[in-house]
Amino acid sequence: MPGRIVVIADEETCTLFRLAGVGEAYSVADPGEARKIIEQLERGEDYVLALVSERIASSMEGFEDLAVSLKMVTPIAFPDRRGAPARATDTLREIVKRAIGFEVAV
Amino acid sequence: MSVNVTRMELLRLKRLLGIAERAKSLLEEKRTILAMEILSTISKARGLIDEMEVKLRRAYQSFSLAEATMGRSGLLGLAVKTPTMFRVEIDRRKIMGVETPVFNLVEVAEKERGAPYSLIGTTTYLDEAVSMMGEAVKVMVKVAEIEATVKALAAELEKIKRRVNALEHIVIPRLRRDIAFIEFRLEEMEREHLFRIERIVGEKQS
């Protein structure tokens, strides 16, 4: 069975994603809550993708570490409505740094 | 040191050393190729991330206009009723023997999920925002695929690094030490044997 996509962002961004057909969207204000949701998704069986707004990802301590440690869910940080730059590159940079031993510009 | 000092054991250890050295060089080669594969996969990410940002920006702009014309509560009401339209299917492919995921965004058939929001009472700004967001989600799925692929390749690279280190710092030095020890003991035994023979010959002659 195909896996589910989940959005974790502010209320307005969640509304837009829901309208676009991404059924599950969690509007959170607290980064700790976002971490708990991602950890729960990892324990679930049919979640594949967690789209986390950059604002929440940057306020979560060790978002890159969490992203690297997850096996089932792939979290992707995306710029939210207020236009923060994407952090998807940071996670990729961190994975490469750990594997190869040096930083690579993405 | 608990090593059998025999010629058979010496031959066995020399054969093992040959295998260990060949394995190390093959693993080093695989390590280099995997590192290059990671870098080449990463190079595809930049373009996709830029594309995702552009599509999201357009979706947010249209959404702001839709919000201005329809009101926030109107949009919230529609959002609650909108059915789930996207799922991600996972296929697998192998890169250098490493299983990596391929994410495919699939749209749930309309008869299964029901129609999205009604066209009555909604604006084209909302249609634009929704359509652009759908495009952005497609790109996000591709970015996620790259991240998951890089993660799988990096995990394999870590495993290879540990194996190369174990061969280089533990297995090969231990085999060399055992071989040197057996060679030394065999030479010593040969010298003792020669000395005994010379003594026996000397005793017989005298």
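This is a short tour of chain A and the side of it that touches chain B.

Keep in mind that the model is predicted. Let me start with the fold. Chain A has five helices and four strands. Along the sequence they come in the order β-α-β-α-β-α-α-β-α. The C-alpha trace spans about 40 × 35 × 25 Å along its principal axes. Of the 106 residues, 50% count as buried.

Contacts next. Take those in chain A with a separation of 6 or more: 61% come from residues 24 or more positions apart.

Now the strands. S3(A) pairs with two partners here. It runs parallel to S1(A), with five bridges joining them. Val6(A) stands opposite Ala50(A) in that pairing. S3(A) also runs parallel to S4(A), again through five bridges. There, Val52(A) faces Ala77(A) of S4(A). Why call S3(A) largely enclosed by the rest of the structure? Because seven of its seven residues are buried.

Last, the interface. Here 34 residues of chain A are in contact with 44 residues of chain B. On the chain A side, S1 (4-9), H1 (11-19), S3 (47-53), S4 (74-78) and H5 (88-100) each supply at least two residues. H5(A) gives the largest share, nine residues. By type, that side of chain A has 23 nonpolar, seven polar and four charged residues.

Technical notes. Residues are numbered from 1 along each chain as its sequence is written. Chains are lettered from A and ligands numbered from 1 in the order in which they are written. This is a predicted model: local features need pLDDT of at least 70, side-chain atom pairs count only at pLDDT 80 or more; totals for chains, interfaces and linings use all residues. Two residues are in contact if their C-beta atoms, placed from the backbone, lie within 7 Å. Ala, Val, Leu, Ile, Met, Phe, Trp, Tyr, Cys and Pro count as nonpolar, Asp, Glu, Lys and Arg as charged, and the others, Gly among them, as polar. A residue is buried if 20 or more other C-beta atoms lie within 10 Å of its own, exposed if 12 or fewer, and partly exposed in between; C-beta atoms are placed from the backbone. Two strands pair if DSSP finds at least two bridges between them.
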